[in-house]
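Hello,

Here is the structure I promised to hand over. Please open it first, then read my notes below.

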Amino acid sequence: MAGWLRFLLLLSTIAFQSAGYAIYRAKCKSRCYLQQQRSDKNFLLSCLKPCEDKNFEKIKKCPAYCRQLEANKDWLVNTACRGSCKFLKALFNNGKPSISNPANLQPPTVVKAFYTRTKNMRSLTVSWNISAPESKDGWVYVVQQRTARQHELPQQMGKWVPLTQTRSQQLKIPDPGSALWCQFRVAVVQQDSSSNFTTSTLTFIPPERPGPVRDFRVTGKHILKNKAQISIAWRKPENSDLPVSKYRVYWSKRLDTYSTDWQHLREHRGRVPATRHKAIIHGLELNTTYHIAIQAISRYQGKRLKGPTMELYTRTLVFLILKLAPLSKSLMIRSVLIVV
């Protein structure tokens, strides 16, 4: 039991230090924004280089770290990296990262997350409000995120991980994932002070529809009782949020020449269980082109989520019969789908 307690204490210490190091890097960035004396892009990039280095705590000497910038003859630019390096090393050498300082800034009042879904794009927008009267010069916002899978309880959220550091009060995540519980927290940081984190409410990103079936193909063609049959096979979708509940197969005849007989080109449908990945379409006409399509279907909260349709065109076999007696209506074979 004592070993488990020490392990949990170690994990909490690492998480606390990670949060503190994120604050240190934000303070370093704030210092660069405040000390930028001219609109010199090279100066700002040189100053921000140590602040954005995730392995900076392993750096031992600042002159060696910034040596690659000395080719620039601009003295101000050359010293920008060294100044940030020394500032950041002083924070790291304290040994006890702290999320806030005695001179605290006011934290964000509200942190909100909005999920939006359009036909071709998904995005998650995180925004926050600031009511503090202080000047916002050099302010940097530290944004962190934690998630849990759909089947996990919201109380089983993972640990906080750094998401970004920004000067804007809004963050847009273009592809946030799916079937996830998400939570965000934001802190305000300046060169010599910082605020506590303000945490958002839980946001659920709904699951996506299943992906397309893979390797959809014709595996065989045969003739049975003067009717054609086509064998098809496929592989299940890859990386779907929800399990496939069934597959839907569509097939219809295509005419080779213009005809007014379009009313006979109706589409047929058949269902295949999710555990099967091949089928045989019976009762097709000989020497005829057919359009065959398939899509995976999942269910979520009583609704069907249809995956994209995969399709192919193929032509049935043909053979010659010298004498063919007309079939009576009672002997006509319907077009059916047989799962194999």
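Which residues lie nearest the centre of the second largest pocket? They are Ala-22, Arg-25, Lys-54, Pro-162 and Gln-165, and the whole lining has 16 residues.

Before more, some ground rules. This is a predicted model, where local features need pLDDT of at least 70, side-chain atom pairs count only at pLDDT 80 or more, and totals for chains, interfaces and linings use all residues. Residues are numbered from 1 along each chain as its sequence is written, and side-chain values use heavy atoms, with hydrogens and water left out.

**The pocket**

A pocket is an open set of points on a 1 Å grid over the protein atoms alone, where a 1.4 Å probe fits, with protein on both sides within 12 Å along at least five of seven lines; lining residues have an atom within 4 Å of a point. The volume of the second largest pocket is about 320 Å³ (the space filled by probe spheres set on the points, which are joined across faces, edges and corners). Helix α1 (2-35) gives the largest share of its lining, 5 residues. Strands β3 (140-149) and β4 (161-166) also give two or more residues each. (Helices, H or I, have at least four residues and strands, E, at least two, as DSSP runs numbered from the N terminus.)

**The sheet**

Strands β1, β2 and β5 form an open antiparallel sheet in that order. Two strands pair if DSSP finds at least two bridges between them. β1 and β2 (122-129) have 8 bridges. One example joins Thr-116 to Ser-123 in β2. β1 (110-117) and β5 (170-173) are at the edges with a single partner strand each, so one side of each has no neighbour in the sheet.

Best wishes
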